[in-house]
Amino acid sequence: MQQSYTRLWSGVTAVLLAVIGLFLFLGGLQLLFLGGSWFYAIAGGILLAATVISFRNPILAARLYAGLLILATLWALLEVGFNIWGLEVRLLTLGILGAWLLLPGVWRTQSPWLADKRELAAALAFCYAVIIGSCFASYSINGTVPADRMTATTSTPQDTVPASDWPFYGRTPQGERYSPLAQITPDNITHLKRAWVTQTGDTQQAGEDVVTGPDSGHEFNLELTPIKVGNTLYMCTPHSWVIAMDAASGKIKWKYDPHPAKEDLAANVYLACRGVSYYRIPDEVQTSCRERIYSPVADARIVAVNAETGQPCEDFGDHGFISMRDYLGHVPLGFHFITSPPLVMKNRLITGGWIFDNQANFEPSGAVRAFDATTGKIAWVWDAGHTPETFTPTPDDILTPDTPNAWGVYTADPELGLAYVGTGNSPPDNWGGTRRPFDDATSSATVALDIETGERRWIYQTVHHDLWDMDIPSGPSMVDLPGPNGETIPALVQSTKRGEFFVLDRRTGEPVPGYPVAEKSVPTAGHAPDDRVSPTQPYPTAMPSLTPPDLKETDMWGATLLDQMICRIQYRQSAYEGQFTPPHVGKTTIVYPAFYGIVDWQGITIDPARKLMFANASYLPFRIKLDHRTTLEQQGILPKWDGTGNEPLPKGDALALSPNYGTPYVAYTNPWLNPLQVPCKGPVWGTLTAIDLVTKKIVWQHPVGTTRDTGPFRTHNNLPLPTGMYNIGGNIVTKGGIVFMGATADDYLRAFDVATGQVIWRDRLPAGGQATPLSYETGGKQYVVIAAGGHGGLGTRSGDYIVAYTLDGKTGEPAP
């Protein structure tokens, strides 16, 4: 019986080693041929040799495997040093297999257990000692904000918002996301508990799951930041409901459903509403609807409702609604809608909109429009392709198609009378052969517009001839900085998807003295022959950057040594010369940073007193390949454009295959994941960073988030490894010395000590918290509130929760 048992497990082991060895050997040869690492072919050869030898001489086979473990450990240390994530993917597969070989009954001879496997046991001990030792390596930049800066105070005359309120997306129109409340501090935050949890009732419907739904790429996202005015919270939902809640209890006061057209909801690949806007009509203006909430509607409308009753304001537009399809000509379903709250100020409602990128090069205009906030009548349009740029259109005017659009949250300086708008590029994203001079002049830029007249005061471009979708997804945040001669300079900081931060004089758009920007050479070879690239791109040279280093083959990652090898092969097969490698035709191009950002629509947070900036960042490469469209149309994979935009979607993922009608090419675009759906670039995947805006240095930086809810094949079960995690959603900072942030894919709301960046409190949310929180005061209590409803693209748990916390809050129901 014992002999049969040994034969069985020896046979199983031989098959296992042979399969792994053959896979590594063949893949390793391919990698060698591509100019990559030698290790995989050698490792595969040793495994195959050990398999053959084990039948006649298991002791020698065990020694051979021990030699492989020693070789692998030394090779891993040479490639990545004591980096736990680099060592884990290189050594854990072989280490687990070695532990299996060490078990009784596996390759067992007549000698006592371990007597014939001393070398293997020693090699395993060495391997695991290196792995365990690397666990003590730090991936943080540790520092402390000086005590005098922590206690600094400032008068901000432009901040006319009551300290207890949060009436704008970023609390003020300047977009700082700074709360002057200090009841909650690092000393008492352990007492922070749930005060209430309210469900909006607007939940994900069938077909709105980007992972399993029939319409792949159809996202349901609760990216909401409510606003707080008086004793009421106002918010919107992914299906465009407008809701008012009592700020103290979370009780719903009223709910209004504008009933967006079902055909629009079905066509929109992105169901999200980041927030609403509040405005009080001046007393001298006659109206029956003085305090208003303006909210985007998924069918390309904006609705104005009475803040007290939730009913549409009859004297605004058409019984409370204005259509954003006006002046755009033909707009196919799903090609234009609004996801961000409009900027409402000085009796102007200013907004742009989301354009369904990469469908054609004759899509709806990206023009910015302003309406009379009382009547809804068009006031002005800023249209980069029109002469003059700013004008008031007539009912028969059609705004210039295919211009760069501005879809994110706008910010403003009321004293200067300027609104700050971040633009994207002229569609499609990855090929610009038909872009016009005004497209290139106004794309991927910060634009300052006069709030009342729409006149362009200045423009500052952050990417030239953008072929990577590096649009500006969030308006800049304001801060007053000390000048070189002791003066105060009204500045703004513009975050970018690249992870760079441009510090500009918000009056002129010029870089602030001491914060220069330089043009640096970037890769230019390999672009589409009928396109062009810019030979240089702008880089802020004094500000710290969150832009990652260019990728190397040794950066490749995976769940095992096997899928890591696949990533290394893909790296060698791809076009990649570093950041700004142009998309190639017929060859996959690695894009890193990619369009999901380093810093995406969440933007940044600024503490105006301490002169600190906080930014959470994500790190995930994408891959792009341009291909000739005629081939796909002839094969029937891609339907031909009939001008309506209502053709059946291409086979596969609508967002992965970009049809780019009107151009010679289609584009394949995907996050760079291996066959196990594990990223090909290893941790750290997410960070939170504090930057001193005066010294222009990183004060502290820490990985943020764990793998608890993100496993292979996009499962929601994993060990909570402290890798730092992808995050979508912003952070806020308080006078009390705390940064609050949800955003990460492991569904926590966390609090960080401003002084050190250390996590000092956290709570498990009932769904993904891919939103920016807010803080306000009511009834003498400071509240922290976050929307927890998940994000379809990130794959977090979906829900409809609004969760509030106070120091004396009652503990809510435990999150699932």
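Author: Begin with overall size. The radius of gyration is taken over C-alpha atoms, and the globule rule is 2.2 Å times the number of residues to the power 0.38. The model here is predicted.

Reader: What radius of gyration does the protein chain have, against that of a compact globule with 816 residues?

Author: The rule puts a compact globule of 816 residues near 28 Å, and the protein chain has 28 Å, so the two agree. Along the principal axes, the C-alpha atoms fill a box of roughly 100 × 65 × 55 Å.

Reader: How many helices and strands does the protein chain have?

Author: There are 10 helices and 43 strands. As for contacts between residues at least 6 apart in sequence, 64% join residues at least 24 apart.

Reader: What share of the residues count as buried, and what does the surface consist of?

Author: Of the 816 residues, 62% count as buried. The chain exposes about 29200 Å², with carbon and sulfur atoms supplying 57% of that area. On charge, there are 60 positive and 77 negative side chains, and the centres of these two sets lie 8 Å apart.

Reader: Now a single residue. Is Ala804 buried or exposed?

Author: The cut-off for buried is under 20% relative accessible area. Ala804 has 0% relative accessibility and therefore counts as buried. Its place is in strand β43, residues 801-806.

Reader: Which residues is Ala804 in contact with, leaving aside neighbours within four places in sequence?

Author: They are Lys193, Arg194, Ala195, Trp196, Tyr783, Val784 and Val785. Ala247 can be compared by C-alpha to C-alpha distance: Ala804 and Ala247 are 9.1 Å apart in space and 557 residues apart in sequence.

Reader: Next, strand pairing. How do strands β22 and β23 run, and how many bridges join them?

Author: Strand β22 (residues 445-450) and strand β23 (residues 456-461) run antiparallel, joined by five bridges.

Reader: What is the strand order in the open sheet of four strands?

Author: The order is β29-β32-β34-β33, with antiparallel pairing. The edge strands are β29 (589-591) and β33 (657-658), each of which pairs on one side only.

Reader: How many bridges join β29 to β32?

Author: Three bridges join β29 to β32 (residues 622-628), and this pair runs antiparallel. Within the pairing, Thr589 stands opposite Ile624 in β32.

Technical notes:
Residues numbered from 1 in each chain as written. Predicted model: local features only at pLDDT ≥ 70, side-chain atom pairs only at ≥ 80, totals over all residues. Heavy atoms only, no water. Helix = DSSP H or I, 4+ residues; strand = E, 2+ residues; numbered from the N terminus. Buried < 20%, exposed > 50% of the residue type's maximum accessible area, 1.4 Å probe, protein only. Contact = heavy atoms within 4.5 Å. Pairing = 2+ DSSP bridges. Areas by Shrake-Rupley, 256 points an atom, 1.4 Å probe, with all protein chains shown as cover. Lys, Arg positive; Asp, Glu negative; His and termini not counted. Charge placed at Lys NZ, Arg CZ, Asp CG, Glu CD.
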